[in-house]
Every structure is written in structure tokens, then in C-alpha cells.
Amino acid sequence: MIAAIAALPRHWFVPAEARALAYDDEAMAIGVGQTISQPRVVAAMLTALKLKPGMRVLDLGAGSGYAAALLAKLVGPSGSILAIERQGALIERTSIALAAAAEHDALSKVDLRHGDGLVVSDGNFNAIHVACALESMPENLLQRLAVGGRLVAPVGPHGGVQKLVVLHATAQGVVAESDLGEVLFVPGLPGTVDGAPSA
């Protein structure tokens, strides 16, 4: 994980005016009320997913695309990432950053979409990374987790402190696996926000 973070230029994923601070271990604003999480938190979340080459991963709340690019490095060229962002205004910049990352290294495919990740219906995933606060766990997300897969998400009140929880899907159902501590994420909200660039 540390090697993947060290190899991926974080400044590609932050606004130009913030690039001097891109390597601080801090969350940073990326516009439209969204943030890029601090590297330490991203590392903890992705480590908890126990990723392997070839996995199919859902990245909910793609934001800057930083976590999606790391996911793509960790599952390798044989894997795939579906990254969903509800803020259309971020899509163009995030697409550019992901393209730069793909040119830099042999990454798995990242399918970036402007949409509502809380209602995704694209089959099952081996891992689900949620980068926005959920007041409760949507049943739809649990249904998207393949047996043996893991989901990591901040769960708790919007505007307050959340718990970073890890869930594990077994043949008998989804069970809580661990609690990675307290975090503060932007709210996970239904629907989409206009502003995606026209095709």
C-alpha cells in the first residue's frame, strides 16, 4: 500500500492552487464542497479491503479520482474499477487526472460515471470503497457485495463524527468485521448534481 501511494503523484488530483500542499497528510478541498481524503485514511480504507489482482471494485464518491487510481494500481490490469461521482462539476477534472495516472502506470480500467452510487445496479463487486458518510448502510450496497468481498465506509451522522466500518460478505450474509476508528467525511446523498461537461 505504501509503495502504491508513493508511486502515485497526488498533486494530479488536487486543484492547481493547492498543489504545493498536495503531499501533506491532510484532507483538502477540491471544489463544490468535496474533499480529497488524507493519504493515511485512504491507505487504511484500501488496506482493509484486502485487494487482489483481478478484483472488480466499486468506488462510491469518486471525488478527485485519487482513491480510484490507487484501487486501479492495487487490482492490476486484470481488475476493473467502477467509480461513481454525483457532482458533475468534478467529472472532467477527475477524468483528466485518471488518464494521467493510466499513462504513468499499467492500471486496471476505471469506468468513471456521473451518477447516484447509492442505487448502483451493475452486478456484484469483490470490494466496495465508500468515500462519503452514510447515516445508515443502504441495503442496495450490501446486495452488490460478492461473497467473500469487503466493504469499507464511514457510517454516522452527516456533519458529525462517523465510524469507519469494515463489512465482510459471507455465504450466510454480511457481517461487521472491524471498526477503523473515527473519521469525518462529506455526506453521501442520493441523486446527482448538475454540471457534468457535455459530450
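Throughout this tour, contact means heavy atoms within 4.5 Å. The model on your screen is predicted, so local features need pLDDT of at least 70 and side-chain atom pairs count only at pLDDT 80 or more, while totals for chains, interfaces and linings use all residues. Residues are numbered from 1 along each chain as its sequence is written, and side-chain values use heavy atoms, with hydrogens and water left out.

**Stop 1: alanine 153**

Select alanine 153, which you will find in strand β7; strands (E, at least two residues) and helices (H or I, at least four) are DSSP runs numbered from the N terminus. Its relative accessibility is 0%, so alanine 153 counts as buried (under 20% relative accessible area; exposed is over 50% and partly exposed in between, with a 1.4 Å probe and protein chains only). Leaving aside residues up to four places away in sequence, show what alanine 153 touches: Val130, Leu134, Met137, Lys163, Leu164 and Val165.

**Stop 2: the whole chain**

Zoom out and colour by secondary structure to see five helices and nine strands. Starting at the N terminus, the order is α-β-β-α-β-α-β-α-β-β-α-β-β-β. The radius of gyration is 15 Å, close to the 16 Å that the globule rule gives for 199 residues, so the chain is as compact as a globular protein of that length (radius over C-alpha atoms; the rule is 2.2 Å times the number of residues to the power 0.38). The C-alpha trace spans about 50 × 35 × 35 Å along its principal axes. Of the 199 residues, 51% are buried. Among contacts with a separation of 6 or more, 56% join residues 24 or more positions apart.

**Stop 3: helix α2**

Next, select residues 39–48, the helix α2. Is this helix mostly covered or mostly uncovered? Mostly covered: seven of its 10 residues are buried, namely Pro39, Val41, Val42, Ala43, Met45, Leu46 and Ala48. Show α1 (2–7), α3, β6 (125–130), β7 (145–155), β8 (162–170) and β9 (173–183), which are included in what covers those buried residues. Just after α2, click on lysine 50, which takes a positive phi of about 50°.

**Stop 4: lysine 73**

Move to helix α3 and pick lysine 73. Is lysine 73 buried or exposed? Its relative accessibility is 18%, so lysine 73 counts as buried. Beyond residues up to four places away in sequence, lysine 73 touches Ala4, Ala7, Leu8, Asp105 and Leu107.

**Stop 5: the largest pocket**

Centre the view on Gly61, Ala62, Gly63, Glu85 and Ala131, which of the 32 lining residues lie nearest the centre of the largest pocket. On a 1 Å grid over the protein atoms alone, a pocket is an open set of points with protein on both sides within 12 Å along at least five of seven lines, a cavity is a set where a 1.4 Å probe fits but cannot get out, and lining residues have an atom within 4 Å of a point. The volume of this pocket is about 370 Å³ (the space filled by probe spheres set on points joined across faces, edges and corners). β2 gives the most to the lining, with three residues.

**Stop 6: the cavity**

Finish with Trp12, Phe13, Val14, Ser64, Arg93, Thr94 and Ala97, the lining of the largest cavity. About 40 Å³ of space lies inside this cavity.
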